[in-house]
Amino acid sequence: MRVRVATTALGITAALLALPACSTDTTGAKHQTPASAQTGKPADAVHKPAALSSAALESRLLDQSDLGNGYLPKPDRPARHDDITVIGCPALSELGGDAATGGTLTFPHKAKATFTYGDSSSEISEELYSDTANKLSAGIGRIFDAMTGCPAYQVVAGGTPIDITAQKLPAPQRLGDQQWSQLLTFSTALRSTVVRQTAIRDGNLLLIVSGAPALVDRHLGKALAKATATG
C-alpha cells in the first residue's frame, strides 16, 4: 500500500534526505528493550498558560556553549516540498491526510537548532514548540503512534528508497509531564543511520531531541532544563 505524504513531523524528512555517509551508529544497541513510548501525566485541559513566542523559544535552545567542545551548528537546509512515498505502513497511511496538509506539528510557535559533532557524521537536533498542553500532547502522540505502529516500512524520497525500522523505547519518566521515545534506523543500499528521538512535554512546552543515541542521552536533561528555565 502506498500513500503520498508531502511532509513528516519531527524533522524526519530532513533525516531521510540527508543521511551522512558511513553513519552506522551502534550506540543504539543498549536501547533495544521494548516499552511504551508514552508515560506520565495526561495533558491538563483546564490550566492553559499562554504559549511562548518563537523568539522566546529560540533563546531557550541549546547553543555551542551549552554543548561544549566539538559541536558545530549545521545550517538549515532549504525546505523540500517533494512528495514522499510511504510503502507498507497502514498507520502512516491513516495519518497521510493530515501530514499532506501540514496539519501535524505545525504549531505556530517553534524553534529548531541542529549541530554536528566530532567528524560530522554524528548529529543532534533540538526542536521546541509551544501551545496548549492538550494540543501538544495530541500532536506528538499521533506522530509517535503512527511511526511506531509499523516495525518496518519503506520511504521513497527524491527517488531514493529508504528502509526504516521504528521501535518504542523506555521514556525518561522523571522529566516533564509526558514523555515519548523511539529508536529509528534509516537504511539505504550504501549506509545506515540510527536515530534516537525523545519528546518531552512540560506544561505548554514540547521539547524534541533527535540524533545519535549517545548524544541524545547526554544532552536531553540539559536541553529540558534550559527550555523550562524561568527568569
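Reply:
**The paired strands and the core beside them**

Seven bridges join β10 and β11, which pair in the antiparallel sense. Two strands are said to pair if DSSP finds at least two bridges between them. Strands (E, at least two residues) and helices (H or I, at least four) are DSSP runs, numbered from the N terminus. This is a predicted model, in which local features need pLDDT of at least 70 and side-chain atom pairs count only at pLDDT 80 or more, while totals for chains, interfaces and linings use all residues. Residues are numbered from 1 along each chain as its sequence is written, and side-chain values use heavy atoms, with hydrogens and water left out.

A199 stands opposite I208 in β11. The two strands form a hairpin with two residues between them, and G203 in the turn has a positive phi of about 60°. On the side of β9 (residues 178–187), β10 is again antiparallel, this time over ten bridges. In that pairing Q197 of β10 is the bridge partner of Q182. β9 and β10 also make a hairpin, with four residues between them.

How is β10 (residues 192–202) placed in the structure? Ten of its eleven residues are buried, so β10 is largely enclosed by the rest of the structure. Buried means under 20% relative accessible area, exposed means over 50%, and partly exposed is in between (1.4 Å probe, protein chains only).

Next comes β6. Seven bridges join β6 to β11 (residues 205–211), and these two strands run antiparallel. Here V209 in β11 is the bridge partner of E126. β6 is also joined to β5 (residues 109–117) by nine bridges, again antiparallel. T114 stands opposite S125 in β6. Seven of the nine residues of β6 (residues 122–130) are buried, so this strand too is largely enclosed by the rest of the structure. As a general point, the side chains of a regular strand alternate between the two faces of the sheet.

A nonpolar core is a set of buried Ala, Val, Leu, Ile, Met, Phe, Trp, Tyr and Cys residues joined through side-chain atoms within 4.5 Å. The largest one has 21 residues, of which Y71, F115, I124, L128, L207 and V209 touch the most other members. β5, β6, β11 and α6 (213–228) each supply at least two residues of this core. α6 gives the most, with six residues.

Setting aside neighbours within four places in sequence, L207 is in contact (heavy atoms within 4.5 Å) with E126, E127, L128, T198, A199, I200, L220, A223 and L224. Apart from this core lies another, of 18 residues, including I84, C89, I143 and A146.

C89 lies in the loop between β4 (84–87) and α4 (90–100) and C150 in the loop between α5 (133–148) and β7 (152–157), so the pair ties together parts that are 61 residues apart in sequence. Both C89 and C150 are buried.
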